[in-house]
Amino acid sequence: MSVLGDKIAANILAQTAGVPSIPWSGEGLEANLGPDGTIPEDIFRKGTVSTVEQAKEAIKSIGFPVMIKASEGGGGKGIRMVQE
């Protein structure tokens, strides 16, 4: 259940189960849950973007427009669309 409370971990879990998802920075990641019921940290970090350079690399495979959102908090208030 803890995985479902995190946007990134939930997407990785869904992909692992074969659920189709929209393109995102962690597209194609799959993982088995650890003994504590979480996604392994190394896999989780591959789904995150924390620098401008990482964002540019992710956008190359996703294409424009992209939506940028913090993975924690905000209730959707911080979502921004980037057109170019």
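**Exercise 1.** How many residues apart in helix α3 are lysine 60 and glutamate 57, and about how many helical turns separate them?

*Solution.* A quick word on the ground rules: this is a predicted model, where local features need pLDDT of at least 70, side-chain atom pairs count only at pLDDT 80 or more, and totals for chains, interfaces and linings use all residues. Residues are numbered from 1 along each chain as its sequence is written, and side-chain values use heavy atoms, leaving out hydrogens and water.

Step 1: find helix α3, residues 52-62; helices are DSSP runs of H or I with at least four residues, strands are runs of E with at least two, and both are numbered from the N terminus.
Step 2: lysine 60 and glutamate 57 sit 3 residues apart there, so about one helical turn separates them.
Step 3: an α-helix has 3.6 residues a turn, so residues three or four places apart point the same way.
Step 4: the two side chains meet in a salt bridge at 3.0 Å, N to O (a side-chain nitrogen of Lys or Arg within 4 Å of a carboxyl oxygen of Asp or Glu).
Step 5: lysine 60 is exposed at 64% relative accessible area, while glutamate 57, at 49%, is partly exposed (buried is under 20%, exposed over 50%, partly exposed in between, with a 1.4 Å probe and protein chains only).

**Exercise 2.** Which residues of α1 are buried, and where do they fall around the helix axis?

*Solution.* Step 1: pick out Ile8, Ala9, Ile12 and Gln15, the buried residues of α1.
Step 1: look down the axis of α1: these residues fall within an arc of 125 degrees, so they line one face of the helix (the arc is that of the directions from the helix axis to the C-beta atoms).
Step 2: now see what covers them: α2 is included (contact means heavy atoms within 4.5 Å).
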